[in-house]
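This report describes one protein chain.

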Amino acid sequence: MTEQRIILEMGSSNSLYGEDYTKAACRAVQDALRHSSLVLIKTMGYDHLQMRVEVTIGVQHPDKVDCDVVAAELPRGRAEVRAVHGGLNVHDPDNGTTHVIATAAIAAFLPIEPGAWRLSSPGQ
């Protein structure tokens, strides 16, 4: 059986004070999750545990993200989280603070038999 990506959602968020890369990453994941509803899984008779969820977090310092904490933000599926270089840091020299902006891409995959689904033309 082949895994097929069934959804890709993106989100972004920040940690304005404290340079907390994990907090910014968790908020970006929550932002992405607010854009989707995976009713397809239950409708098609899949168990959500069959779904693999691949999360990529972009931040300026990937080593400062606790990927296990980010994985705990996902309500369904088997999470795989990795942090990569991306996002944005905005330094405020007047206050001596750095605002961390994180981006998140969440892809969900299901094991789907090849040819199990077919798109039909309008009116069919």
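## Salt bridges

A salt bridge is a side-chain nitrogen of Lys or Arg within 4 Å of a carboxyl oxygen of Asp or Glu. By this rule there are three salt bridges. This is a predicted model, in which local features need pLDDT of at least 70 and side-chain atom pairs count only at pLDDT 80 or more, while totals for chains, interfaces and linings use all residues. Residues are numbered from 1 along each chain as its sequence is written, and side-chain values use heavy atoms, with hydrogens and water left out.

E3 and R52 form a salt bridge with an N to O distance of 2.8 Å. E3 is in strand β1 and R52 in strand β2, so this pair ties together parts 49 residues apart in sequence. (Strands are DSSP runs of E, at least two residues; helices are runs of H or I, at least four; both are numbered from the N terminus.) R52 also forms a salt bridge with E54, at 3.1 Å between the closest N and O atoms. Together, E3, R52, E54 and E80 are linked in a network of salt bridges.

## Burial in the network

Buried means under 20% relative accessible area, exposed over 50%, and partly exposed in between (1.4 Å probe, protein chains only). R52, at 13%, counts as buried. E3 is partly exposed at 33%, E54 at 30% and E80 at 38%.

## Nonpolar core

A nonpolar core is a set of buried Ala, Val, Leu, Ile, Met, Phe, Trp, Tyr and Cys residues joined through side-chain atoms within 4.5 Å. The largest one has 26 residues, and V29, V55, I57, V70 and I106 have the most contacts inside it.
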